[in-house]
Structures are given as structure tokens and as C-alpha cells.
Amino acid sequence: MLVMHCTRGSLIAAAAVSCLLLTSCSSATDEKNGGTAEPSVIGSPVGKPISSPTVTPPREGEGVPEPEPDAPFIEQVKYELRTRTVDMAGAQGKTSARCDKDSVKPAKGASVTCTVTYEGIDVTWPVKFTGKPGFGGMGDGYEAEPSTGILTREGVLKYFWGNNHDAGTDLRCDTMPRVKKVPLGGKSGFQCAYFAAKASTDGRDMWITQNVYSTTDGPRARV
């Protein structure tokens with residue numbers, strides 16, 4: 001009869017091999033069944049880190065001067081549309097305005113088309129007067145929708161930081177030009193994101209990524 005003698009070392013080695021085989025089989029079974037380990041962080045960062053934006057002092061030629069009290073009404077129209085264009089951009093910039101009429105009255109049904117140039121980008125504003133009262137003859141007394149949207153790097157960073165620095169950490173945005181013509185209300189192609197600890201329903205960390213877009217009230221971002 002052949003008797004096998006096992007030393008303590010050989011038993012440990014055999015046990016180790018058995019563990020490796022079991023682990024290998026278990027992994028293969030998981031892969032076969034389509035099981036994968038859940039990532040510890042949901043999503044991934046985009047762009048480059050940003051910090052609290054500083055207010056850029058106005059450059060020469062920026063700002064929209066108010067028309068004189070006795071100026072023709074068309075000058076009030078130009079002032080209103082230049083101001084709204086700056087609001088849409090979310091940052092000060094050089095502007096000018098021209099209209100297809102030298103004069104217009106805020107009577108119901110009257111119309112005029114003006115083009116505001118913001119930092120070299122033309123924004124056309126078709127204006128239709130409603131006859132309703134408004135400050136300076138404007139206010140709610142007219143309807144106007146710009147032909148395009150505008151994004152500025154300063155405006156986007158200021159908006160995203162202000163809206164999200166309390167909600168998360170490591171705020172990031174895509175690299176943007178100083179000013180860019182984009183569709184109004186549509187996808188701009190730019191994104192920003194922030195890191196939110198334990199924000200998912202199962203307690204995992206998340207990167208919250210938002211698409212940046214332009215509105216008449218300024219830059220905005222949404223998931």
C-alpha cells in the first residue's frame with residue numbers, strides 16, 4: 001500500500017491553489033452571467049477646474065449709455081435692445097445698434113427691426129409694438145426675440161459657479177472662447193460639471209454634468 005505523507009507547507013500550497021481556482025471560476029461565472037462590479041463614482045468629469053470668478057472691470061467703450069430724455073424714441077429702442085443683448089451675454093461688452101427705420105412710434109401694430117452688434121457678433125431683433133404701457137414707452141409695450149444666442153466665458157463661469165459651488169466641489173467647465181454665437185435655447189456644445197459626494201440614491205459619489213445654453217436672461221445650464 002502506498003502511503004502519501006503531506007507536510008504543512010504542501011498543505012498550505014494546495015489550499016492556495018484551490019483558492020485561486022475558486023476565485024477564477026467565480027469571476028468567470030460572473031462574467032458569463034453578465035455581472036460587473038458597480039463603479040464607486042457615477043459619471044466622469046469634463047473640462048478644466050474653475051474657481052470663484054472675479055468681476056471684470058468695464059473696458060473702454062463698454063456699457064450702454066442711456067439716451068437723453070428728449071432723444072427720439074428710436075434711440076430708446078436701441079438702448080433697450082443693447083441692454084438686453086448684454087444681459088443675454090451675461091457680461092459687459094462693446095455694443096452698437098442700428099435699425100431699418102429712422103423713427104418709429106410705440107403704437108399697436110407698429111414694427112421695426114434692429115441689429116445689435118456685441119463684440120463683433122450681430123444679433124437681429126424684430127420688434128413689434130403691442131400698444132400696452134411700459135417704461136419709456138417700452139417695457140411690456142413690445143415683443144422681440146433675438147435671432148441668435150450669445151455665450152461668454154465670463155458669463156458662463158459666473159453663472160455656473162454661483163449656482164453650484166454650494167451643491168458640490170471641484171467645479172469644471174469646457175474651455176470656451178471669450179464670446180461665442182450659439183443657438184438660442186439650444187445645445188451650445190459646451191458642458192460644465194461638479195462633484196457631489198454621496199449624491200446618488202444608493203449613496204455613491206457622482207459627477208453632475210450639465211449642458212450650457214443661451215437664454216435672453218443670460219447663460220444657463222441643465223442636465
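The torsion about the S-S bond of Cys99 and Cys114 is about 100°, and the disulfide is therefore right-handed. In this predicted model, the two sulfur atoms of Cys99 and Cys114 are separated by 2.0 Å. Because Cys99 belongs to strand E3 (residues 95-99) and Cys114 to strand E4 (residues 111-118), the bond ties together parts that are 15 residues apart in sequence. Cys99 and Cys114 are both buried.

This link is one of two disulfides in the structure. The other is formed by Cys173 and Cys192, with a distance of 2.0 Å between their sulfur atoms. The link of Cys173 and Cys192 is right-handed, with 110° about its S-S bond. Cys173 is placed in strand E8 (residues 169-173) and Cys192 in strand E10 (residues 191-196), so this pair ties together parts that are 19 residues apart in sequence. Cys173 has a relative accessibility of 4% and therefore counts as buried, the limit being under 20%. Cys192 is likewise buried, because its relative accessible area is 1%. When the bonded cysteines are counted along the chain, the disulfides follow the pattern 1-2, 3-4.

Of its 223 residues, 35% are buried. What share of the contacts between residues at least 6 apart in sequence joins residues at least 24 apart? The share is 56%.

Individual residues illustrate such pairings across the sequence. Strand E10, which holds Cys192, also contains Phe195. The C-alpha atoms of Phe195 and Ile42 lie 9.8 Å apart in space, although 153 residues separate the two in sequence. Beyond the neighbours within four places in sequence, Phe195 is in contact with Val41, with Gly168, Thr169 and Asp170, and with Asp205, Met206 and Trp207.

Asp170, one of the contacts of Phe195, is located in strand E8, the strand that also holds Cys173. The backbone of Asp170 shows a positive phi of about 50°, although the residue is not a glycine. Asp170 has 34% relative accessibility and so counts as partly exposed, a class that lies between the 20% and 50% limits. A positive phi is also found at Lys198, where the angle is near 50° in a residue other than glycine. Lys198 is situated in the loop between E10 and strand E11 (205-215). Is Lys198 buried or exposed? Lys198 counts as exposed, because its relative accessibility is 63% and exposed means over 50%.

The loop between E4 and strand E5 (121-129) contains Glu119. A polar atom of the Glu119 side chain lies 2.7 Å from the backbone nitrogen of Lys94. With neighbours within four places in sequence left aside, the contacts of Glu119 are Arg59, Glu62, Gly93, Lys94, Arg178 and Val179. In strand E5 itself lies Phe129. Phe129 counts as buried because its relative accessibility is 1%. The C-alpha atoms of Phe129 and Val104 are 9.8 Å apart, while the two residues are 25 apart in sequence.

The last topic is the space left open by the protein atoms. Rolling a probe the size of a water molecule over the atoms shows where empty space is left. The largest pocket has a volume of about 310 Å³. Which residues lie nearest the centre of the largest pocket? They are Thr56, Ala91, Gln92, Glu154 and Arg178, among a lining of 16 residues. Arg178 is also one of the residues in contact with Glu119. Helix H3 (residues 153-164) gives the largest share of the lining, with four residues. By class, the lining of the largest pocket comprises six charged, five polar and five nonpolar residues.

Notes:
Residues are numbered from 1 along each chain as its sequence is written. This is a predicted model: local features need pLDDT of at least 70, side-chain atom pairs count only at pLDDT 80 or more; totals for chains, interfaces and linings use all residues. Side-chain values use heavy atoms; hydrogens and water are left out. A disulfide is a pair of cysteine sulfur atoms within 2.5 Å. Helices (H or I, at least four residues) and strands (E, at least two) are DSSP runs, numbered from the N terminus. Buried means under 20% relative accessible area, exposed over 50%, partly exposed in between (1.4 Å probe, protein chains only). A polar contact is a pair of N or O atoms within 3.5 Å; within protein, one must be able to donate a hydrogen and the other to accept it, and residues adjacent in sequence count only if both atoms are side-chain atoms. Contact means heavy atoms within 4.5 Å. On a 1 Å grid over the protein atoms alone, a cavity is a set of points where a 1.4 Å probe fits but cannot get out, and a pocket is an open set with protein on both sides within 12 Å along at least five of seven lines; lining residues have an atom within 4 Å of a point. Grid points are joined across faces, edges and corners, and a volume is the space filled by probe spheres set on the points. Ala, Val, Leu, Ile, Met, Phe, Trp, Tyr, Cys and Pro count as nonpolar, Asp, Glu, Lys and Arg as charged, and the others, Gly among them, as polar.
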